[in-house]
Amino acid sequence: MSATFNQLGVIGCGLMGGSFALAMKKAGLVRRVVGYSKSPSTTETARRMGVIDLAAESALLAVSGSDIVLLAVPVAATESTLKAIRHLIHSDVLLMDVGSTKGDVVDAARRALGKQLPTFVPAHPIAGKESAGVQHADANLYQGRQVILTPLEQTRPELVQRATDVWSALGCQVLKMAPHNHDAAFAAVSHLPHLLAYAYFNAVARQPSGRDFLSLAGSGFRDFTRIAASDPTIWRDILIANKQELLTQTQKFRESLDAMEQAIQKGDTSGLEAMIRQASEGRGQWQLSSPPTPPKSK
């Protein structure tokens, strides 16, 4: 990508927004970064770290003069944030988000943006860390990752292309999906696993002997519960925002769990082994066909 943006406005200078700013700087795609966060201390930390060049006192001021704007706020705050900034979103501004749900974000944009809706390119980079906050921002966070774009029918095609070029220049593989297809897929492969990790850890920890059980946990337990350390506020909003698709997936999971429980109760070793083997072989095939996960940067 040869074009350079004059100014990036980042609204939400945490892990995702901060990493995007650093990645854009590292790639030489932006001359200046202006940032705003609800917490002044977060914005100041971002400025001290060099994540942003200038701290804005409001979301609107972060947008002023920007030709690319990234919303990196909890999905529940999307509509109020868009309403706060829409007056300075000009027709040639590339406006994106990084939310993990898209149906609710698109609906919020329709309500909030009015005639500026064509500037919005909803985006979901499949990247992150268990540790939130700008102090964990990483210029390489998006390198080698997938980014899902869910443009609206009103979105200007040239802005969709510009968004594709930006993420590609940051080392991402860019895919396009309809918002409802995105939410159905990620309810299955991201939102349900987080829900299960939270529920499972609580189920163990709340038992009278939970502390003793946890003292014996090894690497398998750590692997399974790793995502239970994810940011509670962010994931509360995601699970509620995508509740219909998520509840569909919890029912599918419950059916599978019930089948395995019944096999155990009946002592049906062949049936239980068949289900275990199906999962084991299926995961092996998936792992062979999936792109490798890039190593975490030091």
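Where is the place of leucine 117? Leucine 117 sits in the loop between α5 and β6, where helices (H or I, at least four residues) and strands (E, at least two) are DSSP runs, numbered from the N terminus. This is a predicted model, in which local features need pLDDT of at least 70 and side-chain atom pairs count only at pLDDT 80 or more, while totals for chains, interfaces and linings use all residues. Residues are numbered from 1 along each chain as its sequence is written, and side-chain values use heavy atoms, with hydrogens and water left out.

Leucine 117 has a relative accessible area of 8% and is buried; buried means under 20% relative accessible area, exposed over 50%, and partly exposed in between, with a 1.4 Å probe and protein chains only. Not counting residues up to four places away in sequence, leucine 117 touches Ala109, Arg110, Leu152 and Gln154, contact being heavy atoms within 4.5 Å. Its C-alpha atom is separated by 57 Å from that of aspartate 268, 151 residues apart along the chain.

For β5 and β6, which run parallel, the join consists of two bridges. Methionine 96 stands opposite valine 121 in β6.

Strand β1 of the sheet contains phenylalanine 5. This residue is buried, at a relative accessible area of 4%. Leaving aside neighbours within four places in sequence, phenylalanine 5 is in contact with Met24, Leu29, Val30, Arg31, Asp67, Ile68, Leu94, Arg162 and Val166. Between the C-alpha atoms of phenylalanine 5 and alanine 229, 224 residues apart along the chain, the separation is 36 Å.

Helix α4 (residues 78-85) has Thr78, Thr81, Leu82 and Ile85 as buried residues. They lie on the same side of α4, because they cover an arc of only 100° around the axis, the arc being that of the directions from the helix axis to the C-beta atoms. The cover over the buried residues of α4 includes β1 (5-11), α3 (59-63), β4 (68-71), β5 (94-97) and α5 (103-113).

Thr78 also belongs to the lining of the largest cavity, together with Leu71, Val73, Val75, Asp97, Val98 and Gly99. On a 1 Å grid over the protein atoms alone, a cavity is a set of points where a 1.4 Å probe fits but cannot get out, and lining residues have an atom within 4 Å of a point. The structure holds one cavity of 30 Å³ or more, and the space in the largest cavity is about 30 Å³; grid points are joined across faces, edges and corners, and a volume is the space filled by probe spheres set on the points. The lining divides into four nonpolar residues, two polar and one charged. In this count Ala, Val, Leu, Ile, Met, Phe, Trp, Tyr, Cys and Pro are nonpolar, Asp, Glu, Lys and Arg are charged, and the others, Gly among them, are polar.

Further pairing involves β7, β8 and β9. Strand β7 (residues 123-125) runs antiparallel to strand β8 (residues 146-149), and three bridges join them. Histidine 124 has isoleucine 148 in β8 as its bridge partner. β8 in turn pairs with strand β9 (residues 173-176) in the parallel sense, over four bridges, and valine 147 stands opposite valine 174 in β9.

Alanine 137 lies in the loop between β7 and β8 and is buried, with a relative accessible area of 16%. Apart from neighbours within four places in sequence, alanine 137 is in contact with Leu15, Gly18, Ser19 and Leu22. The C-alpha atoms of alanine 137 and glycine 14 are separated by 7.1 Å, although these residues are 123 residues apart along the chain.

Two helices remain to be described here. Histidine 191 in helix α7 (residues 179-205) is buried, with a relative accessible area of 1%. Its contacts, neighbours within four places in sequence left aside, include Ser100, Thr101, Trp235 and Asn242. Glutamate 245 in helix α11 (residues 243-266) is partly exposed at 27% relative accessibility. Not counting residues up to four places away in sequence, glutamate 245 touches His180, Asp183, Ala184 and Ala187.

Technical notes
1 Å grid on protein atoms, 1.4 Å probe; cavity = no way out; pocket = protein on both sides within 12 Å on 5 of 7 lines; lining within 4 Å. Pairing = 2+ DSSP bridges.
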